[in-house]
Amino acid sequence: MLTSAFGLHMTTLPPDTNSPAAPKSYTPHLLHKFDSPAELKQLHAHLIKTNASISVLPLPKVASVCSRGRCFPYAQHIFARSDNHDTSVWNSCLRALAEGDHPIDAVSLFYQMRTSDVLPDAFTCSFLLKACVSLLDIANGKILHGVVEKLGFGSNLFLQNMILNLYGLCGEMADAMLLFDKMPQRDVVTWNTVITQMLKRGDIEGASRLFSRMPERNIRSWTLMISGCVQCGKPKEAIDYFLKLEEESGLRPNQVTVVSVLAACADLCALDLGKRVHEYSNRSGFKTNVLVCNTLIDMYAKCGSLEEASRVFDEMEGKRTVFSWSAMIVGLAAHGRAQEALSLFSSMLQDGTEPNGVTFVGLLHACAHMGLVDEGRAFFTSMTRDYGITPGIEHYGCMVDLLSRAGLVKEAYEFIMEMPIKPNGIIWGALLGGCRLHKDIKLAEQAIQHLSVLDPLNDGYYIVLSNIYAEAGRWEDVTRVRKLMKARGVKKTSGWSKITLGGGIVHEFVAGDESHPQAEGIFRKWDELAVEMKLRGYVPNTSLVLLDIEEEQKVKFIYRHSEKLAVSFGLLNTPAGTTIRIIKNLRVCEDCHSALKLIAAISGREIVVRDRNRFHCFKDGCCSCGDYW
DNA sequence: GTAGGGTTAG
């Protein structure tokens, strides 16, 4: 173990110049000139040329240059040639190893150091902790913790924070909390470290409890709450933190804050807040940050505003990355703008950007939404052949969707049977969706067989199947499916819709929701709309209400669908002429789809609905999906 | 010298 410390990397060593015959001729003035690894390299080459001994180099300086430049082989070489090791030389080598992607060797070297007379100091411990962090090496981390205590660094906040972080990263939350509780002092980093770990575990409540107890917060504290909430699927809470940050902290959001809050805006369709953040970002000079730009593109695309997404894309000052292109392509695809997605892909290739798996998901998705079967097949072949990308389950999913949507359900089925990876629920669900569109009951039953094994508690699939039966007038089968759901304990997911108003405040509606403070006004607005819609020929489509109730009840039922409530609320609470943006957890139903087309016409508004798999932009009585969804 | 950042199929 100890001898292998350097042995592992002997091949990367510079050539040995320490042969017995080497005369000690060197150029002294060179020794003090170098200051960078590159210069060190030159010097080294010079020494080899002149056959000089490397041991004449001023060791501490060499070690520190190596360490700063993470120049591992030189550090190793110098170290092995010298017997004059004081703590700082050990430290330089440890640092070069720990930071230069050789953490295992750093740990080994530490054990070697422990057998020498030289005592580790706080720097030694910090480099070692760094190595343990990159290795997630909790065993050595705990040993190191003991060493830190024994050496009397128990009150070194910096080291304590690193240990805390290591415990958290290794999943030793209990130890982390123990340490946190008994730490004599804590600084903002201490708090941030613990909160980060709690958020990583999805413990938003614990994290926000700690956050509220913090004696002081910096911009990172706020940012990690924001990004933590986004990653835990709580964008609303993320936005709440951002608004509070603006209101009460007096701190300035930085680029990371901006990226995090934009992700929340994207999730929530909070376009107004997103725009405000965009302006702030431009004012703050973040325009050159590629990550900020990519996130902006994604945010605008997910808020249904492709024009603004492409404006950001066109005006990007930094070099576009594959993320920028993919975000645009995926966005166009979700809006059903397949041709534009495809031609953007050509531009991407001309630009010399290599596509990745996500790019192809976007392309295949685009093809699926517009029925471009041949193009889709070509992309699927090309991704492996021309770009060496192995299709993932998501690509197979797109292909099954593409084929079965286009009516090629049998081929889709064969495609699934020939897949080299095990199909998941999404794959069979895509086939099931196609079977519904093309009324293939037999194949739908096959799909549901697989689904009841792969994803037995997902209500969506049973509902699609019972819709298929309902449309075919097979009511006994509808009943059978409903009984099956009951027997299996499948609960119906209730649909919800969310709308975000200008101030970033999110309003959420579930079907039949009477809990909203404005409920009365919302229902009145809906009734008004319904009257006008009927004049324009709207007939409530109740065929998909699967309850055994009177027709009148059915109408009442669909009238209370969450998107209808949300759009009525939106009309009441947004200025005339502005676009209404709604997100929905399920797919929009047929009745809501035709209702929304009419409402867009009646109100003269654009209504953008992001449902669980695409965008619908309702305008002047039409929908951007062309009723193919 | 320690803590926070992005795209994906139903």
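Q: What order do the six strands of the open sheet have, and what makes two strands a pair?
A: The order is S2-S1-S3-S4-S5-S6, and the pairing is mixed. Two strands pair if DSSP finds at least two bridges between them; strands themselves are DSSP runs (E, at least two residues), and helices are runs of H or I with at least four residues, both numbered from the N terminus. The edge strands are S2 (506-510) and S6 (622-623), each pairing on one side only.

A quick note on the model: it is predicted, so local features need pLDDT of at least 70 and side-chain atom pairs count only at pLDDT 80 or more, while totals for chains, interfaces and linings use all residues. Residues are numbered from 1 along each chain as its sequence is written, chains are lettered from A and ligands numbered from 1 in the order in which they are written, and side-chain values use heavy atoms, with hydrogens and water left out.

Q: How do you know that strand S4 and strand S5 pair?
A: Strand S4 (residues 607-610) and strand S5 (residues 615-619) share four bridges in the antiparallel sense. The definition asks for at least two, so they count as a pair. Within this pair, arginine 610 stands opposite phenylalanine 615 in S5.

Q: Why is aspartate 401 called buried?
A: Its relative accessible area is 15%. Buried means under 20% (exposed is over 50%, partly exposed in between, with a 1.4 Å probe and protein chains only), so aspartate 401 qualifies. This residue lies in helix H24 (residues 393-405). Across chain A, 51% of the 629 residues count as buried.

Q: With which residues is aspartate 401 in contact, leaving aside its neighbours within four places in sequence?
A: They are Ala368 and Ala430. Contact means heavy atoms within 4.5 Å.

Q: How many residues of the lining of the second largest cavity are nonpolar, polar or charged?
A: Six are nonpolar, one is polar and none is charged. The lining consists of Val107, Phe110, Tyr111, Leu128, Asn140, Ile143 and Leu144.

Methods:
1 Å grid on protein atoms, 1.4 Å probe; cavity = no way out; pocket = protein on both sides within 12 Å on 5 of 7 lines; lining within 4 Å. Nonpolar A, V, L, I, M, F, W, Y, C, P; charged D, E, K, R; others polar.
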